[in-house]
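Work through the exercises below with the structure open beside you, and try each task before you read its solution.

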Amino acid sequence: MNTKRKIRGVNLGGWLVLEKWMTPTLFANRKAVDETTFCMELGSGAEKILRDHWESFITPADFKWLKDHGINAVRIPIGHWIFGDCKPYFGAIDILDRAMKTAEEYGVEVLLDLHAAPGCQNGFDNGGIQGVMEWHLHPENVDRSVAFIRRIAERYKDCNHLLGIQLLNEPRWDVPLEILREYYHRGYEAVREHIPAEKTAVVIHDSFRLKEWKDFMQEPRYSNVILDTHMYQCFTEEEKAFAISRHVHRAAVERKQDIDEMMEYFPVCVGEWSLGLVPAVYEGFDSLQKETALRAYAAAQLLSFEEGAGWFFWNYKLEEGVMPAWSFRECVERGWLPEHF
């Protein structure tokens, strides 16, 4: 394993790639449901609103807060449009440049994550456009993604705190593996053209198929490759029916077994997780019982995720009053997560 230290990080989501559920006021009284339709609906008027959001949502004070609480890394989701050369979007490369400098000042490492690829890789709003999944259907989308990764690697090749470059976030489970694997090979080479393995990791997402990568990108041909998996327990019908005791068991026992199994092949990082569960879990609970349940679920997850290369909580913050179990800062302030890591 080439990771220098245990990753204890948070995602800076909802910042440079919009997600309506995280920042609902930006979408209030608008038809837009994602960054694509937001920019299309507002046209040139979107730029000022976005710039105000970029300047205020994450600031140097946030990096200081994270550092003060023992967080050593951030994962920054970015869209393929960040350079400002793709309509209808607006570029924010200056904001990312500044974030890289701020992270360095506070001794926080950065994982840059291609969260929204050309054509969208998953059909989710976090891929830039909801209900569209055409990334893998057109070779030019894959080619543009490789070119984007190469450009990011070249731009930040001299940053000593660049923990890694993630080639793609959450390609959906039905993207053909042969297309995805070929892209990961090409993306790896694009990074290594500019950054050696001993300096920066290449991160690949498991495409919700954690056990399908045992024969892939192994040493010595490939070096410093981290496998990213996202471990939520609130989306499948099976998990929605779990009692809190079952959630804790899954987090503490089953998740650990999965991570241990795959750590034989890759450093495994849980790139997204949260305390979010469906409300039905807490039916009949008083406030003390709910607080206890949240702390137990948090502790169970940390117990497992510390077994791997590390983790990034989703998300650092949301707009005030929006789903506190998904806000790292609020979870810490409410005592559901430790005060210091």
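Predicted model: local features only at pLDDT ≥ 70, side-chain atom pairs only at ≥ 80, totals over all residues.

Residues are numbered from 1 along each chain as its sequence is written, and side-chain values use heavy atoms, with hydrogens and water left out.

**Exercise 1.** Determine where the buried residues of α6 lie around the helix axis, and what covers them.

Solution. Begin with the helix itself: helices (H or I, at least four residues) and strands (E, at least two) are DSSP runs, numbered from the N terminus. Helix α6 covers residues 139–155, and its 17 residues reach 24 Å from the first C-alpha to the last, close to the 24 Å expected at 1.5 Å a residue, where the expected span is 1.5 Å times one less than the number of residues. Next, list the buried residues (buried means under 20% relative accessible area, exposed over 50%, partly exposed in between, with a 1.4 Å probe and protein chains only). In α6 they are Asn141, Val142, Ser145, Val146, Phe148, Ile149, Ile152 and Ala153. Seen down the axis of α6, these residues fall within an arc of 160 degrees, so they line one face of the helix; the arc is that of the directions from the helix axis to the C-beta atoms. Finally, the cover of the buried residues of α6 includes β2 (73–79), β3 (109–116), β4 (162–166) and α7 (177–192), where contact means heavy atoms within 4.5 Å.

**Exercise 2.** Describe how α9 and α10 pack, and classify the residues of their contact.

Solution. First compare the axes, which are lines fitted to C-alpha atoms, for helices over the stretch in contact, with angles running from 0 to 180 degrees between N-to-C directions. The axes of α9 (residues 244–262) and α10 (residues 287–305) come within 8 Å and cross at roughly 5 degrees. That makes α9 roughly parallel to α10 (angles under 35 degrees count as roughly parallel, over 145 as roughly antiparallel, 65 to 115 as roughly perpendicular and the rest as oblique). Then look at the residues in contact, among them Ile244, Val248 and Ala252 of α9 and Ala293, Tyr297 and Ala300 of α10. The residues of this contact divide into 11 nonpolar, three polar and two charged, where Ala, Val, Leu, Ile, Met, Phe, Trp, Tyr, Cys and Pro count as nonpolar, Asp, Glu, Lys and Arg as charged, and the others, Gly among them, as polar.

**Exercise 3.** Find out whether Thr102 is buried or exposed, and what it touches.

Solution. Thr102 is found in helix α5, residues 93–105, and at 8% relative accessibility Thr102 counts as buried. Leaving aside neighbours within four places in sequence, Thr102 is in contact with Pro60 and Phe63. The C-alpha atoms of Thr102 and Pro60 are separated by 6.3 Å, although these residues are 42 residues apart along the chain.
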